[in-house]
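Trainee: Could we go through this model together, question by question, with the cut-offs stated as we go?

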Amino acid sequence: MRNVLGILAITSVLLSCDGCRQQADYQDHTLTQHEMEEQLIALNRDKLQSENQLINTFIEEKKWPMDESDSGLRYWIYEQADTLRAQTGGHVKINYTVHLMDGTLCYSSDEEGALSFTIGHANVAPGLHEAVCLMGKTEKAKFVFPSHLGWGVTGDSEKIPSDAVLIYDVELVNVW
C-alpha cells in the first residue's frame with residue numbers, strides 16, 4: 001500500500017511539473033499586444049499590396065489611362081468640362097453604375113435613380129466623396145475603388161461583398 005501511495009505521489013508531482021512546463025511553453029508563445037498589432041499591420045500591408053497588383057493588372061488589361069490619388073483611388077475623367085467643381089460640404093447629384101471587377105452590376109442610377117448627397121456627410125462609399133471632388137459639373141469619369149474606399153470588410157449587406165474592389169462610372173449632373 002505504501003508503494004502504491006508513493007508511486008501516486010511521485011506521479012502527481014511529475015504530472016504537475018509537466019503541467020507547469022506546458023503552461024510555461026504556452027506563456028512563451030503568447031503574443032504581446034504590440035506583437036499582435038505588428039502581425040495585423042503586416043497582414044493588412046500584404047492584403048493591400050496584393051489588391052493593388054490585382055487592380056493594376058485589371059487597369060492594364062482594360063487599357064484605361066488612369067491616375068492614382070494618395071488614397072489609392074484610380075481615376076480617369078474621360079469627358080472634361082471647365083465648369084463648377086465639386087467640393088467637400090457641397091451638394092452633388094450623380095448618375096452612376098457600380099460594378100465588381102468581374103463585371104457584375106451592383107447598382108445603377110438607371111435602376112435606382114440619380115444619387116444626391118452632401119460631400120463628406122453622406123452614407124455612400126468613402127471613395128465616392130473623394131471621387132466627385134475630382135470632377136466638375138457635367139464631367140464623366142471612371143473610378144476604381146480599392147476595397148478600403150468601397151465598403152471594406154463588411155460589404156454593404158446587399159449587393160457588394162466583403163473586400164470588393166468597385167468600378168464606378170460617374171456623371172456629375174449637378175453641383176450646388
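This is a predicted model: local features need pLDDT of at least 70, side-chain atom pairs count only at pLDDT 80 or more; totals for chains, interfaces and linings use all residues.

Mentor: Residues are numbered from 1 along each chain as its sequence is written, and side-chain values use heavy atoms, with hydrogens and water left out.

Trainee: What pattern does the protein follow when read along the sequence?

Mentor: Helices (H or I, at least four residues) and strands (E, at least two) are DSSP runs numbered from the N terminus. On that basis the protein has four helices and seven strands. Read along the sequence, their order is α-α-β-β-β-β-α-β-α-β-β.

Trainee: Which residues have the most contacts inside the largest nonpolar core?

Mentor: A nonpolar core is a set of buried Ala, Val, Leu, Ile, Met, Phe, Trp, Tyr and Cys residues joined through side-chain atoms within 4.5 Å, where buried means under 20% relative accessible area, exposed over 50% and partly exposed in between, with a 1.4 Å probe and protein chains only. The largest such core has 30 residues, and those with the most contacts inside it are Leu-128, Phe-143, Phe-145 and Tyr-168.

Trainee: Which residues does Leu-128 touch, not counting residues up to four places away in sequence?

Mentor: Contact here means heavy atoms within 4.5 Å. With residues up to four places away in sequence set aside, Leu-128 touches Ile-94, Leu-115, Phe-117, Phe-145, Tyr-168 and Val-170.

Trainee: How is the lining of the largest pocket divided among nonpolar, polar and charged residues?

Mentor: On a 1 Å grid over the protein atoms alone, a pocket is an open set of points where a 1.4 Å probe fits, with protein on both sides within 12 Å along at least five of seven lines, and lining residues have an atom within 4 Å of a point. The largest pocket is lined by 17 residues, of which Tyr-96, Tyr-107, Leu-115, Trp-151 and Asp-156 lie nearest its centre. Ala, Val, Leu, Ile, Met, Phe, Trp, Tyr, Cys and Pro count as nonpolar, Asp, Glu, Lys and Arg as charged, and the others, Gly among them, as polar. The lining therefore divides into twelve nonpolar, two polar and three charged residues.

Trainee: Is Lys-142 buried or exposed?

Mentor: Lys-142 lies in strand S6, and the residues that it touches include Trp-64, Trp-76 and Tyr-168. A polar contact (N or O atoms within 3.5 Å, one able to donate a hydrogen and the other to accept it, with residues adjacent in sequence counted only if both atoms are side-chain atoms) of 2.7 Å joins the side chains of Lys-142 and Asp-169. Because its relative accessibility is 13%, Lys-142 counts as buried.

Trainee: Which side chain has a polar contact of 2.6 Å with that of Ser-71?

Mentor: Ser-71 lies in the loop between strand S1 (67–68) and strand S2 (74–79), and at 28% relative accessibility it counts as partly exposed. The contact of 2.6 Å joins the side chain of Ser-71 to that of Glu-130.

Trainee: What is the phi of Thr-138?

Mentor: Thr-138 lies in the loop between H4 and S6, and its 41% relative accessibility makes it partly exposed. Most residues other than glycine have a negative phi. The phi of Thr-138 is positive, near 80°.
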